[in-house]
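Subject: Structure handover

Dear colleague,

Here is the structure we spoke about, with notes on what turned up in it. Please read the notes with the model open.

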Amino acid sequence: MRLVVLVSGSGTNLQALLDACADPAYGAVVVAVGADRDGIEGLARAERSGLPMFVCRLADHPSREDWDRALADAVAEHDPDLVVLAGFMKLVSEEFLDRFPTVNTHPALCPAFPGTNGPGDALAYGVKVTGATLFVVDGGVDTGPILAQVAVPVEADDTVEVLHERIKVSERAMLVETVGRMAREGWSVDGRSVRIG
Ligand code: GRF
């Protein structure tokens, strides 16, 4: 399964996929990495792995629609079977999603705490358990059919940063395990139900 991975930040989820893909038995390969900004560690990781990269910056396009189409065209050049949003901090359009099956990982237990501040919102609410969710992207914000979830405890003295780092350890393992299973066993979506295998 050919993966194009889109990133906006440190790219530790990308790195976990790259490490897994080094084993041919994993069943997937990252064929390119894209980003919505320059100068991020996620792109440096792709460069160190010798992978094709592209950057598609919103500011370089006259409208959001133009940006989205340019992003989709850049992705299409690498002919992916699956697009993985791994800390990609932009929403993509329905047109993008019509072109590529796309999954996203979110650092909270959906449907709780959608948006860009999942760990902070969970901490502020005072939940004792939060986690991460891998889902098939639809037109909403962290609303798509759920592929996998992992629970992570909130500890008494957590800061947002400490909690997010704890979540990310489990998030990376969930991402790697689930994408590998999708590659090896196949997957299908029926309404809100996702079946792997
Ligand atoms: C992940 O927790 C992701 O779910 C969130 O941002 C983080 C990205 O981390 N949207 P990284 O760039 O993969 O290290």
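Buried area here means the accessible area (1.4 Å probe) that two parts lose on being put together, summed over both. This is a predicted model, in which local features need pLDDT of at least 70 and side-chain atom pairs count only at pLDDT 80 or more, while totals for chains, interfaces and linings use all residues. Residues are numbered from 1 along each chain as its sequence is written, and side-chain values use heavy atoms, with hydrogens and water left out.

Domains

The chain is assigned domain 1 (1–100) and domain 2 (104–186); such bounds come from an automatic or database domain assignment. Taken over C-alpha atoms, the centres of domain 1 and domain 2 are 19 Å apart. Domain 1 brings 20 residues to the contact and domain 2 brings 18 residues, where contact means heavy atoms within 4.5 Å.

Between them the domains bury about 1500 Å², and carbon and sulfur atoms give 69% of that area. On the domain 1 side, the most area is lost by Asn 13, Tyr 26 and Leu 85, which together make up 33% of what that side buries.

There are zero salt bridges between domain 1 and domain 2 (a side-chain nitrogen of Lys or Arg within 4 Å of a carboxyl oxygen of Asp or Glu). Five residue pairs, both residues at pLDDT 80 or more, are in polar contact across the two domains. A polar contact is a pair of N or O atoms within 3.5 Å; within protein, one must be able to donate a hydrogen and the other to accept it, and residues adjacent in sequence count only if both atoms are side-chain atoms.

Ligand site

Gly 11 places a backbone N or O atom 2.7 Å from a ligand oxygen atom. From Asn 13, a polar side-chain atom lies 2.9 Å from an oxygen atom of the ligand; for Glu 171 the corresponding distance is 2.4 Å.

Backbone

Cys 110 and Pro 111 are joined by a cis peptide bond with omega of about 10°. Pro 111 sits in the loop between β5 (102–106) and α5 (118–125); helices (H or I, at least four residues) and strands (E, at least two) are DSSP runs, numbered from the N terminus. Asp 79, although not a glycine, has a positive phi of about 50°.

Regards
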